[in-house]
Amino acid sequence: PPIHIHRPEGVSAEVDAARNALRLKANERFKAYRSASEIDAYETSYAMARQLMARKDIFDDSKLDARDKERYGTHPLGRHILQARRLLEAGVRFIKVNSYHWDTHGDNFNMSQRLVPQVDRPFAALINDLDDRGMLDHTLVIVMSEFGRTPVINQRTTTPGRQHWPKCFSAIMAGCGIAGGNVYGKSDKHAAEPAEDGVTPEDLAATIYYLLGIDPKALIYDTQDRPLMISSGEPVMEVVA
């Protein structure tokens, strides 16, 4: 759960409310000498904290169904993806789940055998649950990394590994209008370069915007006839149902 989500034991609800009332009064004086953007950023952080504290029940592990724990897995990634489902059910609109230790410059084979199953199981459980709840049609689920790994195993360490490789890697998308079971694009036999229907990061971003109902060519601002769009790519319509 988020840190500091509970009030200190020595602070009652009444004292907490009085402290916040005092803070709001101090803010009125603060606003007189600051720009609106500074005030908004300051207030947003407090508002977010209070919202989290008001819904701390969502992060209560004791309320997790034992069957859900088993289906998603008891490892941290499985538990975090299960938490993501609970947040979606509570109305949270954007959730990011991190998974670490994939930077296998050494011991690639043992690490991959340990990590890959930790993704497969909770991802399948999440998709099934969202579908059963009628949420998948309006929820976009994306699994991706910051880049791929070299197609050639290195011998730089005592335990062989793989280096960074941005030229060719994959992403998984589900829900929100994505055609299920579809595979788009193909690499060469070494998984080193795109061979067919390569997709750029810009195209991926444009596809995400399109699926979320946002115009990928929407203008952010135009300075001296130099328009800046939210995406310079094109949506990959072949993956849309």
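Glutamine 83 sits in helix α4. The model is predicted. With a relative accessibility of 14%, glutamine 83 falls under the 20% cut-off, so this residue counts as buried. Leaving aside residues up to four places away in sequence, glutamine 83 touches Ile58 and Phe59.

Helix α4 also matters for the account of α5. The elements covering the buried residues of α5 include α4 (76-89), along with α3 (66-72), β1 (141-143) and β4 (172-174).

Helix α5 itself runs over residues 108-132. That is 25 residues, reaching 36 Å from the first C-alpha to the last. The span is close to the 36 Å expected at 1.5 Å a residue. Which residues of α5 are buried? Among them are Asn108, Met111, Leu115, Gln118, Val119 and Pro122. Phe123, Ala125, Leu126, Ile127, Asp129 and Leu130 are buried too. After α5 comes glycine 134, with a positive phi near 70°.

Leucine 204 belongs to helix α6, residues 201-211. Is leucine 204 buried or exposed? Its relative accessible area is 16%, under the 20% cut-off, so leucine 204 is buried. Beyond residues up to four places away in sequence, leucine 204 touches Met144, Met173 and Val199. Valine 236 lies 32 residues from leucine 204 in sequence, yet their C-alpha atoms are 7.4 Å apart in space.

| Residue | Relative accessible area | Contacts, excluding residues up to four places away in sequence |
|---|---|---|
| Glutamine 83 | 14% | Ile58, Phe59 |
| Leucine 204 | 16% | Met144, Met173, Val199 |

Key:
Residues numbered from 1 in each chain as written. Predicted model: local features only at pLDDT ≥ 70, side-chain atom pairs only at ≥ 80, totals over all residues. Heavy atoms only, no water. Helix = DSSP H or I, 4+ residues; strand = E, 2+ residues; numbered from the N terminus. Expected span 1.5 Å × (residues − 1). Buried < 20%, exposed > 50% of the residue type's maximum accessible area, 1.4 Å probe, protein only. Contact = heavy atoms within 4.5 Å.
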